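Welcome! Keep the 3D view open as you read.

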Amino acid sequence: MGVLPPRSLRHRHHRRSSDAAAQARDQEGASLAVSGGAPGHYLTGDLRDQLVHAGRAVVRAGLVVGSGGNFSARAPGADECWVTAAGTWLDRLDRGSFVRVRISDGATLDNSVGVAPSSELGLHLALYRARPDAGAVMHLHPQSVLLLDALAEPIRLATTDHAFYVREVATTPFVPPGRPEVGELAASACADGVNCVVLARHGCAVIADSVELAHKRAVNLEEAARLTYSALALGRPLPALPTDWLQGPGATA
């Protein structure tokens, strides 16, 4: 009776064909990152390429599944933004996955590919109108964030990174996705400088002046939620960070 090879070798042949598309996307993503900036740095250049890069990363991190979630970005002060098209999967985006939309009136601009913007377009536009400093909006469905919301437990900021990037978390009451009230409530919650808002039983919206910073905020928001839940499961609720530090210069990032 022969000895079976290690699992990694035993299944390599079968994985090769079934994962060909995923491997191709990973290689494409690596090429995109290398061509867009220095190794180890966030992708720069075209905003759509930055959103493509972020989309792959948030799916790998488990911040969204399937075709849930949507992104947008705009140049500083611009009255137009790129927003993901309806039904797009965030780990399969390319430049053709975005629709250019005017922020002031929601008009679609130069849509030669004939795709519709995300059903949550109103959320993005409302946040840009309320926050002239916003350069990117990410709407995601992070599991720990949503679990704590369903349990009516606030997210605690456990580390200095959480305080630096997240700072404060607002929550809006439940509204069915796609309705104008989703954007109206989120914009009201973020108008005074809050950058992370939990949409009850729906997801979160994260605002920043760049795609990179929005991505960092989303990752830290979910990590804070995960650590909050872990502490609750251990019967040891996380203590709040010192308020004097939260109000310091680091908290304004």
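In the hairpin of E3 and E4, which residue takes a positive phi? That residue is Gly106, with a phi near 75 degrees, in a hairpin that has 5 residues between its strands. Please keep in mind that this is a predicted model.

**Strands and how they pair**

- Let us start with E1, where both faces are covered. Asn70 and Ser72 lie on one side, Phe71 and Ala73 lie on the other, and all of them are buried.
- E1 pairs with E5 in the antiparallel sense, over 4 bridges. Across from Ser72 you will find Val137 of E5.
- E1 also pairs with E2 (residues 80-84), again in the antiparallel sense, over 2 bridges. Here the bridge partner of Ser72 is Val83 in E2.
- The hairpin of E1 and E2 has 6 residues between the strands, and Gly77 there takes a positive phi near 75 degrees.
- Val83 has Val99 as its bridge partner in E3.
- E3 covers residues 98-102 and is mostly covered, with 4 of its 5 residues buried.
- E3 and E4 (residues 108-109) pair in the antiparallel sense over 2 bridges. Arg100 has Leu109 in E4 as its bridge partner.

- H4 has 14 residues and reaches 20 Å from its first C-alpha to its last, close to the 20 Å expected at 1.5 Å a residue.
- Why is H4 described as largely enclosed by the rest of the structure? The reason is that 10 of its 14 residues are buried.
- The buried residues of H4 include Leu51, Val52, Ala54 and Val58, and Arg48, Asp49 and Arg56 are also among them.
- H9 has 23 residues, and its span of 33 Å from first C-alpha to last is close to the 33 Å expected at 1.5 Å a residue.
- After H9 comes Gly235, whose phi is positive, near 75 degrees.

**The nonpolar cores**

- In soluble globular proteins, nonpolar side chains tend to be buried together.
- Which members of the largest nonpolar core touch the most other members? Of its 35 residues, these are Phe71, Leu140, Ile155, Val211 and Leu221.
- Several elements give two or more residues to this core, among them E1 (70-73), E5 (136-140), H4 (47-60) and H9 (211-233).
- H9 supplies the largest share of this core, with 7 residues.
- A second, separate core has 25 residues, including Val137, Ala186, Ala187 and Leu199.

**A cavity inside**

- Rolling a probe the size of a water molecule over the atoms shows where empty space is left.
- How many cavities of 30 Å³ or more does the structure hold? It holds 1, and the volume of the largest cavity is about 50 Å³.
- The lining of the largest cavity includes Thr172, Pro173, Val175, Leu199 and His202.
- H8 (residues 180-190) gives the most to this lining, with 3 residues.
- Sorted by class, the lining has 6 nonpolar, 2 polar and 1 charged residues.

- Most residues other than glycine have a negative phi, and most peptide bonds are trans.
- Ala152 has a positive phi, near 60 degrees, and is a residue other than glycine. You will find Ala152 in the loop between H6 and H7.
- Is Ala152 buried or exposed? Ala152 is exposed, with a relative accessible area of 67%.
- Arg167 is not a glycine either, yet its phi is positive, at about 70 degrees. Arg167 sits in the loop between H7 and E6 (169-172).
- At 39% relative accessibility, Arg167 counts as partly exposed.

Technical notes. Residues numbered from 1 in each chain as written. Predicted model: local features only at pLDDT ≥ 70, side-chain atom pairs only at ≥ 80, totals over all residues. Heavy atoms only, no water. 1 Å grid on protein atoms, 1.4 Å probe; cavity = no way out; pocket = protein on both sides within 12 Å on 5 of 7 lines; lining within 4 Å. Points joined across faces, edges and corners; volume = space filled by probe spheres on them. Nonpolar A, V, L, I, M, F, W, Y, C, P; charged D, E, K, R; others polar. Core = buried A, V, L, I, M, F, W, Y, C linked by side-chain atoms within 4.5 Å. Buried < 20%, exposed > 50% of the residue type's maximum accessible area, 1.4 Å probe, protein only. Expected span 1.5 Å × (residues − 1). Pairing = 2+ DSSP bridges.
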